[in-house]
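Colleague: Could you pick one residue in this model and take me closely through its surroundings? After that, I'd like to hear how the rest of the chain is put together.

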Amino acid sequence: GENEGEGENEGEGENEGEGENEGEGENEGEGEGVDLSIHSADTNGDNAINLSELLRVIQLFNVGSYACAIPPEATEDGYVPGSGDTNCTPHASDYNLQDWIINLGELLRLIQFFNSGGYNECPDQGTEDGYCPGPPIAG
């Protein structure tokens, strides 16, 4: 079923980088047809993070890394757990040292969106990831 593998490889594993890859990551903002106003965890595009979307990112966190899903492999979000091809737009949750690893702080940020009932793109407000928590703004 969906979200198999939850709980695998749990542990402390820090995996903090050495300052490399800070700032804009490779392919950031260059996605072909990618709507950057929608968070990559938000697979149904409703500007809210539901439980299954949150659990998917928890799966990526628990495995310790993620990579691009390469056709014919298809996933709901375009990513696969583990190492592999990184020639796609990185996950929106991977913003603080964009290293193809979703760390605890980045996961907690997504949990904040889940708890607040949604998120909105707000690139001019100086947030760490370009999104602000809160119910979706009708537009």
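Modeller: Let's go with Y79, which is buried at a relative accessible area of 6%. Buried here means under 20% relative accessible area, while exposed means over 50% and partly exposed is in between, using a 1.4 Å probe and protein chains only. Before going further, keep in mind that this is a predicted model, so local features need pLDDT of at least 70 and side-chain atom pairs count only at pLDDT 80 or more, whereas totals for chains, interfaces and linings use all residues. Residues are numbered from 1 along each chain as its sequence is written, and side-chain values use heavy atoms, with hydrogens and water left out.

Back to Y79, then. This residue sits in strand β2, residues 79-81; strands are DSSP runs of E with at least two residues, helices are runs of H or I with at least four, and both are numbered from the N terminus. Leaving out residues up to four places away in sequence, Y79 touches S40, R56, Y66, A67, C68, A69, C88, T89, P90, H91 and W100, where contact means heavy atoms within 4.5 Å. Two of these neighbours also turn up in polar terms. A polar side-chain atom of Y79 is 3.4 Å from the backbone oxygen of P90, and the Y79 side chain also reaches the backbone nitrogen of H91 at 3.4 Å. A polar contact is a pair of N or O atoms within 3.5 Å; within protein, one must be able to donate a hydrogen and the other to accept it, and residues adjacent in sequence count only if both atoms are side-chain atoms. As for V57, 22 residues away along the chain, its C-alpha is 10.0 Å from that of Y79.

Now for the wider setting. The chain has two helices and four strands, arranged along the sequence as α-β-β-α-β-β. Of its 139 residues, 39% count as buried.

At the start of the helix, a side-chain oxygen of N103 comes within 3.1 Å of the backbone nitrogen of G105, and just after the helix G117 adopts a positive phi of about 85°.

L110 also leads us into the core. Together with I49, L110 has the most contacts inside the largest nonpolar core, which holds 18 residues. Two or more core residues come from each of α1, β1 (66-68) and α2, with α1 giving the largest share, four residues. Such a core is a set of buried Ala, Val, Leu, Ile, Met, Phe, Trp, Tyr and Cys residues joined through side-chain atoms within 4.5 Å. Beyond its neighbours within four places in sequence, L110 contacts H39, A41, I49, L54, V57 and S93.
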